[in-house]
Structures are given as C-alpha cells and as structure tokens.
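This briefing is meant for a reader meeting the structure for the first time. Please look over the sequence and the model before reading the points below.

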Amino acid sequence: TMVRIINPKYYGDSRENMLAALVDMKEKGVHFIVGGRLEQGTDDRPTFVNGEEEVKSLPPDVREMFTLLTEEEFRLDISSTEVRKRLEQSK
C-alpha cells in the first residue's frame, strides 16, 4: 500500500501532484506506519522490505510522515491457523 501511496502513477503520472497530495495529507495529520513484508530476493532467499528505499527519494518534510518498522519490530512468522488456535485456547 505504501508503495502505491508514493507512486506518481496514481497522481496523473506527476511527482509534483503526488508530493502535493502527501503535503495535504500531512497538514491533515496523516501519518503512516509501515510494517513491511518478505519478497523473493535475487538469490532465491526472501528479503524483508519495508519501503526504506522508496521513502529515501522523498523530501525530508514528506519522509517524516512515514514510520518504517524494522523486521525485528514487525515480523512474526506465525500462520493464521495458529493465531486462531491460540485465540480459541484463551477463551
């Protein structure tokens, strides 16, 4: 989702429009917390990505709208089946 939010494609292919929309959101108090995900790396090993590279390209005043969680802060390898099982056991 974060990658789409900062993709000029969704703002008429205009970086200026994208930045203006983000500044408008910032003025309204919007802040994004980005958790990340695993993506297949070039060496066939999954790599955790959290948008850090994409956010680096933004001006500092817009960049501060994003809190990027590290893999250690966010990632928990557990299946939804296991979550449901734990919830059921806690009842």
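How much accessible surface does the protein have, and what percentage of it belongs to carbon and sulfur atoms? The accessible surface comes to about 6,900 Å², and 50% of it belongs to carbon and sulfur atoms, with areas taken by the Shrake-Rupley method with a 1.4 Å probe and, for residues, only the protein chains shown counting as cover. This is a predicted model, in which local features need pLDDT of at least 70 and side-chain atom pairs count only at pLDDT 80 or more, while totals for chains, interfaces and linings use all residues. Residues are numbered from 1 along each chain as its sequence is written, and side-chain values use heavy atoms, with hydrogens and water left out.

**Overall form**

- The secondary structure comes to 6 helices and 4 strands, where helices (H or I, at least four residues) and strands (E, at least two) are DSSP runs numbered from the N terminus; along the sequence they follow the pattern α-α-β-β-β-α-α-β-α-α.
- The radius of gyration, taken over C-alpha atoms, is 17 Å, well over the 12 Å that the globule rule gives for 91 residues, so the protein is more spread out than a compact globule; that rule is 2.2 Å times the number of residues to the power 0.38.
- Along its principal axes, the C-alpha trace spans about 50 × 40 × 25 Å.
- Of the 91 residues, 22% count as buried, a term that means under 20% relative accessible area, with exposed over 50% and partly exposed in between (1.4 Å probe, protein chains only).

- Leaving aside its neighbours within four places in sequence, V62 is in contact (heavy atoms within 4.5 Å) with L19, L22 and V23.

**Aromatic pair**

- There is 1 aromatic pair, counted where the ring centres of Phe, Tyr or Trp (its six-membered ring) lie within 6.5 Å, with planes under 30 degrees apart called stacked, over 60 edge-to-face and the rest tilted.
- The rings of F32 and F66 have centres 5.0 Å apart and planes at 15 degrees, so the pair is stacked; because F32 lies in strand β1 and F66 in strand β4, the pair ties together parts that are 34 residues apart in sequence.
- F32 is buried at 16% relative accessibility, and F66 is buried at 8%.

**Salt bridges**

- The whole structure has 5 salt bridges, each a side-chain nitrogen of Lys or Arg within 4 Å of a carboxyl oxygen of Asp or Glu.
- K26 forms one with E64, the closest N and O atoms being 2.5 Å apart, and this pair links distant parts of the chain, with K26 in helix α2 and E64 in the loop between α4 (60-63) and β4, 38 residues apart.
- E53 and K56 meet in another at 3.4 Å, N to O, and both lie in helix α3, 3 residues apart, about one turn of the helix.

**A loop residue**

- D13, in the loop between α1 and α2, has a positive phi of about 55 degrees although it is not a glycine, and D13 is exposed at 66% relative accessibility.
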